[in-house]
Amino acid sequence: EKGGYEHFMLKEIFEQPKSIHDTMRGRLLVDEGVIKMAGIWDHVEKFKNANRIIIIACGTSWHAGLIGEYLIEEYARIPVEVEYASEFRYRNPIITDKDVVIAISQSGETADTMAALKLAKEKGAFIYGICNVVDSSIARITDAGSYTHAGPEIGVASTKAFTAQLTILTLIAFKLGKHNGNLGNADFMSLIAELDAIPKKIEDVLSSTHELVQNIAKDFVGVQNFLYLGRGYNYPAALEGALKLKEISYIHAEGYPAAEMKHGPIALIDENMPIVIIAPKKGHYDKIVSNVQEIKARKGKVIAVVNRGDQQVSEMADYVIEIPETSECFSPIVASVPLQLLAYYIAVYRGANVDQPRNLAKSVTVE
Ligand code: M6R
């Protein structure tokens, strides 16, 4: 059932062109210039008039939520907050019936997310679910929602569910932005055409980076720490890259917004510290160039994820992983793929049980 792959995780990484496509199918109608999402459309006034949107999730789904915040604020100009479910539920949060709460959960069974939603519901908020497992507990208590059609995710480390969550959040942001007038028609049309082409770009990334990343992984099997850096949309992508690595390889890894480095983590950098840096052309590129200079001045080992044809960062980096160029908002989807592969191969070479890492469960149904 692993379809010829050694692990479910690798199979699921390779399924992403399809899972993203399936998540858009019937929703993204490029020729008609329409995004169809009944869950959003039936309640569009709720979203339009919301004081704010609060996104609640845990783990990888929380990282997707952070990217959702960038998307929804940029394109729909609705204020968004993102909270860990476990923090939200225990701090007597201020919620009213003018708030919209979006829960993101692959399994739809995460205990903290479920409890946070119940609380938000009691306080009168409108509750929207983004779940992968159909008819799961969270999907059932929400007022409306959109399923990610990623198919069953077996590997404990979430991969294809994450990129499917990003796909849904992108669709929601574009749809709301178009509806409330913050996203003009020409921009909307070009963004949806670009979104439609993302599965092809993921296919391209999988075939062009698979072997390369496998080789890079060999050089890092023995390290104890990793830093992951990104800015803007790719700051949460850095957090997610680091989480993937720690979960399955048991190497300590931290994600940071690149500019925060000088406020602390730069003290860690020496010739033994590998730093993954996400540096696409669109998205504060010049700032990232100076971050890489700061790292190289301290002899850190840079693994850079850049766009094809990149020069400035590539010249300084020790390892270069090229991905196709996209608008900034799509770069976390594309950049996440080689980071998933990197975590996967480092873990495999360390002999770890990739699909079932120690101490972790696929759905965390306890607090
Ligand atoms: O099923 P959920 O999306 O609610 O799960 C949330 C987290 O437990 C989950 O994302 C966890 O962090 C994964 N193991 C990440 O790979």
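Author: Five strands form an open sheet with parallel pairing, in the order S9-S8-S10-S11-S12. The model is predicted, so that local features need pLDDT of at least 70 and side-chain atom pairs pLDDT 80 or more, while totals for chains, interfaces and linings use all residues. Residues are numbered from 1 along each chain as its sequence is written, and side-chain values use heavy atoms, without hydrogens and water.

Reader: What makes S8 and S10 a pair?

Author: Two strands pair if DSSP finds at least two bridges between them. Strand S8 (residues 225–230) and strand S10 (residues 274–279) share three bridges in the parallel sense, so they meet the definition. Leu227 has Ile275 in S10 as its bridge partner. Strands are DSSP runs of E, at least two residues, and helices runs of H or I, at least four, numbered from the N terminus.

Reader: Why is one side of S9 and of S12 left without a neighbour in the sheet?

Author: Strand S9 (252–257) and strand S12 (319–323) each have a single partner strand, so they stand at the edges.

Reader: Why is H9 called roughly antiparallel to H15?

Author: Helix H9 (residues 160–180) and helix H15 (residues 331–349) pack at about 175°. Angles run from 0 to 180 degrees between N-to-C directions of axes fitted to C-alpha atoms, for helices over the stretch in contact (heavy atoms within 4.5 Å). Angles over 145 degrees count as roughly antiparallel, under 35 as roughly parallel, 65 to 115 as roughly perpendicular and the rest as oblique. H9 is therefore roughly antiparallel to H15.
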